[in-house]
Amino acid sequence: MSTGAELLRAHGLRVTRPRLAVLDILTDGGHLEVDEIAQQVRARLDSVSTQAVYDVLGALSRAGLARRIEPAGSPARYEARAGDNHHHIVCRGCGAIADVDCSVGRRPCLTPSETHGFDLDEAEITFWGLCPACQTRRQADRSDLA
């Protein structure tokens, strides 16, 4: 397993404390907003500006070490899982996000009717629904009304 410093160097990036901290936070998992990442970085390094965190996330994304996702109605989020063309499922109730590996079975939505000359290399699919906790809450709310 590569260290953060080795990963940064292997992708042509200079090794800095903020880059190492952000990479480590993303590697812990999740789909984090910039403010969440900045808060965790500050807990480790004391003084880091939000702009510096944006700059680090941009560099990591361009290098393929992070992925930016933007579910509708939500601020941009970042994750370390990049380059594998996975998808996401978003809860309409609480906004929780989970990874979904490539779709299985019949996939007509992954084959566009027209490519307009583009050489396609990725499909970004977002599934929407209710997570188990929100389903339980909805059922409890309905029971209270009955």
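Helix H2 contributes the most to the lining of the largest pocket, with four residues. The structure is a predicted model, in which local features need pLDDT of at least 70 and side-chain atom pairs count only at pLDDT 80 or more, while totals for chains, interfaces and linings use all residues. Residues are numbered from 1 along each chain as its sequence is written, and side-chain values use heavy atoms, with hydrogens and water left out.

The largest pocket holds about 190 Å³ of space. A pocket is an open set of points on a 1 Å grid over the protein atoms alone, where a 1.4 Å probe fits, with protein on both sides within 12 Å along at least five of seven lines; lining residues have an atom within 4 Å of a point. The volume is the space filled by probe spheres set on the points. Of the 13 lining residues, Gly4, Leu7, Leu23, Asp24 and Thr27 are the closest to the centre of the pocket. At least two lining residues come from each of helix H1 (4-10) and helix H2 (17-27); helices are DSSP runs of H or I with at least four residues, and strands are runs of E with at least two, numbered from the N terminus. The lining comprises seven nonpolar, five polar and one charged residues, where Asp, Glu, Lys and Arg count as charged and Gly is among the polar residues.

Three strands form an open sheet in the order E5-E4-E6, with mixed pairing. Strands E5 (97-100) and E6 (126-129) are the edge strands, each pairing on one side only. Two strands pair if DSSP finds at least two bridges between them. Neighbouring strands of this sheet are turned by 25° against each other on average, direction ignored, with axes taken as lines fitted to C-alpha atoms.

Strand E4 (residues 87-91) runs parallel to E6, joined by four bridges, and Cys91 stands opposite Gly129 of E6. The pairing of E4 with E5 is antiparallel, over four bridges, and Val90 has Ile97 in E5 as its bridge partner. Five residues lie between the strands in the hairpin of E4 and E5, where Gly95 takes a positive phi near 85°. Because four of its five residues are buried, E4 is largely enclosed by the rest of the structure (buried: under 20% relative accessible area, 1.4 Å probe, protein chains only).

Notes: Axes fitted to C-alpha atoms, helices over the stretch in contact; angles between N-to-C directions. Buried < 20%, exposed > 50% of the residue type's maximum accessible area, 1.4 Å probe, protein only.
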